[in-house]
Amino acid sequence: MLLALDIGNTETTVGLFAGDRLDAHWRLHSTPQRTPDEWASVFTTHLTQAGHSTEEIRAAIVASVAPQVTQSLSEGVKLATRRDPTRVDGSSKLPMVLDVDEPLTVGADRIVNTLAAVELFQKDTIVVDFGTATTFDCITVEGTGRGRFIGGVIMPGMRTASDDLVRKTAKLPATELLPPTRAIGRRTEDCIRAGVLWGTADAVDGLAHQGGMAIHESSVGRRNRRARRPDRAALQGNRIGSSRSHADRPTNCGGGARPEVVIRGAGGGGSDERSLNAWRRWGYRVLPGDFYSYVLHMRPAEWPIMAGHTLLGYVLAVGLQGAGSGVQLGRALLALVIWVVFLNGGTLAINSVFDKDEGDIGYLNAPPPLPRYLLPFSVALLLVGQLLSFVLPAGFQIAYAICFVLSILYSVPPFRFKAVAGVDWVINMWGFGTLTPYAAWAATGRPLDIGHALILLAFCPLFAGLYPLTQLYQFDEDRRRGDRTLALILGMRASLWVAVLSTVLAFGLFGWAVRLLPIAALVFPLMLWLAVLLPWLVTFSSWTPKQQQRGMYRALAAWAVTDVTVLYVFAT
C-alpha cells in the first residue's frame, strides 16, 4: 500500500492507497514540536484503527509546504514503516510540465493539484485549494493527456483573513466560520461570516472566470489552434464545506467540491502505474481505455523467459541443425504463441484477479488497478488456447489441458492451491519445469525417448529449486493475504537449502542423461547456480525485499544459461 502525506501549514492530510483506491484518510495538526517518535506513534495508531499494519506500507510520498514539519514527519514515517518517503517538489521528475517562469519555486501542493486534476478530469481545469492560503491552480491538458501547470493565483485563506481581521482591530470578536444565514448580517459575528465566506465565494467565481479567460488565451497563443475554455473548477481544502452555502446561486465551479484532490495527487491517483516508464506511457496512449492494463496483467516481461524454455523442447526434438533449417517450424511457432500468450498470459492474469497484489510482483512493478473484466478476459484466453491446441498433436493437447486445470486449481478459490504449502511447489515444478519444454517437443509429433525424457525430467527439480526463490521477496505480501506458501512455512534458510539440493539433483539427472558423453559442459551452469545460491544462503538475513528480488532475477539468469548449455550438450 502507498502512504501519501500532504503537509500544509495548518493541517497534514494523510491518505492510504491500495492501487488507485483511497482506502483511508486522516487529518492531523501540522505541529512542528512533534518528534519523529511521536509522528511514528500517530501513524501506527491510525493505521491500526483503519484495520491495517505498518508492514503493509510499500512506499510513502510527501508533498509539503511546511519545511519546519517535513523532516520530523518524514523520519516518523520511516520509523513506523521502514520506508524512506519520496518528497515531491519542483525538481522532481514529473509526468507534467511546470510552464512558469520559476518552476523550482512551485509549491508541492500545487504540483500534486495538477497531477490529480489531470488524472481526475482529463481537461483544462482550475483547482481552488482552500487552506491557510487559498490558491488557484490553472492547468491545461495537451492532446496526449500530458498536464501543464501554467500558473495561478494566491490569496489569503478564509481562516487567515478572519484571524488577521481580529488581530488588527480592537473590538471585532473572534468568530467561528459557520455558514451565514443572510447576506446582510444583523450581528457583528454574522457580518464577519458574510464578509469572509461570501466574499471568498465571490472571489472564487470572479478569479475562476478570469483564470478561464487566461487559459483560453494561453491555449490559443501556445497551440495556435482553437482551444476550449475550462468548464470545470475543482474545489478542495480543509474548509471547503463552508463555501457550499453559496451553491444556490450561479457559479462557474462546474467540478464541485473534491476534498481529496491534493492527497490523490500525492498518491498518484493511478497515474504512477500509467506513467512508470516510457513503455507504459506509450502503451496507454496507443491502446484505448484500460486495454493496456489487461496486457500488463498478462506480464509480458516474463514472456521471453517462458518462450526460451518452451523452445528448448523444440530444439531438443529436431536438433540445432533441424531448427536452423526450419524443421516443423510452423508447428513450433503456433505452439509457442498458444503456450506463452494464451496459457501463460491467461494464468498470470487470473492470478492477478485473486491475488489482488498491491506492491511489486514478479515481472510487474507497480501493477495497474485490476481492469473490470480481467477475470472473464483471462478465462477466455485459457479457453481459446485450448481450442487452438487441437490443431497440434495429441501430446500438446494433453499437456495444455493438464496445465489449464493446474492454473485453475492454483489460483481460483475454493481450491487456491497457491495458498497450500507444498502443493504450489509441486504444481509449478511440473507445470513450468517439465511440461513447458515437453509441450514444444510434443508439437513436433516426435516420440519421446528415455534419454530426452530424463533431460525434460531434470528441469522438474531445477524449477523446484528456483520456485521458493521467487517467493522470498514477497514474504510480507503473502503473509498479509494469509497465503501459507512453502517458502513461508520453511523460512528463508530452509528455502535456500531446498534450492541448493534441488539444483544438485537436477544436474545429477542431466549427468545420467549424458551417460558416456563428455559432462564437462554442464559444470559451468552448475557452478553458476551455486555462485548465486551459496552467498544468498549465507547473507539472506540482512537482505531487504529488493535484494531478495534481485537474487531471484540472478537465479533466472542462471536458469537461462542452463537452457543454453543443455541445448549445446544434447542438441548438437
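Q: What makes the contact between the side chains of Asp 99 and Arg 148 a salt bridge?
A: The model is a predicted one, and in it the N to O distance between these two side chains is 3.3 Å. A salt bridge requires a Lys or Arg side-chain nitrogen within 4 Å of a carboxyl oxygen of Asp or Glu. The pair Asp 99 and Arg 148 therefore qualifies, at 3.3 Å. The two residues are 49 residues apart and link distant parts of the chain: Asp 99 lies in the loop between strand 6 (96-98) and helix 3 (108-121), and Arg 148 in strand 9 (residues 147-156).

Q: Why is Asp 99 called partly exposed?
A: Its relative accessibility is 33%. Buried means under 20% and exposed means over 50%, with partly exposed in between. Asp 99 therefore counts as partly exposed.

Q: What makes Asp 190 and Arg 193 a salt bridge, and why are they said to be separated by about one helical turn?
A: The closest N and O atoms of Asp 190 and Arg 193 are 3.0 Å apart, which is within the 4 Å required. Both belong to helix 5 (residues 188-223), and because they are 3 residues apart there, about one helical turn separates them. Asp 190, at 17% relative accessibility, counts as buried, and so does Arg 193, at 13%. Elsewhere, salt bridges that share partners join Asp 164, Arg 167 and Lys 168 into one network.

Q: Which residues are in contact with Arg 193, leaving aside its neighbours within four places in sequence?
A: They are Thr 175, Glu 176, Leu 178, Pro 180 and Trp 198. Contact here means heavy atoms within 4.5 Å. The C-alpha atoms of Arg 193 and Met 158 are separated by 9.8 Å, the two residues being 35 residues apart along the chain.

Q: Why is strand 1 described as largely enclosed?
A: Of the 6 residues in strand 1 (residues 2-7), 6 are buried, so the rest of the structure largely encloses this strand. Both of its faces are covered: Leu 2, Ala 4 and Asp 6 are buried on one side, and Leu 3, Leu 5 and Ile 7 on the other.

Q: How do you know that strand 1 pairs with strand 2 and with strand 4?
A: Pairing requires at least two bridges between strands. Strand 1 and strand 2 (residues 11-18) run antiparallel and are joined by 6 bridges, and Ala 4 stands opposite Gly 15 in strand 2. A hairpin through 3 residues connects strand 1 to strand 2. Strand 1 and strand 4 (residues 59-64) also have 6 bridges, in the parallel sense, with Ile 7 opposite Ser 64. Both pairings therefore meet the criterion of at least two bridges.

Q: Where is Gln 386, and why is it called buried or exposed?
A: Gln 386 lies in helix 12 (residues 374-389). Its relative accessibility is 13%, so Gln 386 counts as buried. Not counting residues up to four places away in sequence, Gln 386 touches Gln 397, Tyr 400, Ala 401 and Phe 404.

Q: What describes the packing of helix 11 and helix 14, and which residues meet there?
A: Helix 11 (residues 329-355) and helix 14 (residues 423-443) pack at about 145 degrees with axes 8 Å apart, in a right-handed crossing. Arg 331, Ala 335 and Trp 339 of helix 11 meet Leu 435, Thr 436, Ala 439 and Ala 443 of helix 14. By class, the contact has 5 nonpolar, 1 polar and 1 charged residues.

Note on methods
Residues are numbered from 1 along each chain as its sequence is written. This is a predicted model: local features need pLDDT of at least 70, side-chain atom pairs count only at pLDDT 80 or more; totals for chains, interfaces and linings use all residues. Side-chain values use heavy atoms; hydrogens and water are left out. Axes are lines fitted to C-alpha atoms, for helices over the stretch in contact, and angles run from 0 to 180 degrees between N-to-C directions. Helices (H or I, at least four residues) and strands (E, at least two) are DSSP runs, numbered from the N terminus. A crossing is left-handed if the near helix is turned anticlockwise from the far one by less than a right angle, and right-handed if clockwise. Ala, Val, Leu, Ile, Met, Phe, Trp, Tyr, Cys and Pro count as nonpolar, Asp, Glu, Lys and Arg as charged, and the others, Gly among them, as polar. Buried means under 20% relative accessible area, exposed over 50%, partly exposed in between (1.4 Å probe, protein chains only).
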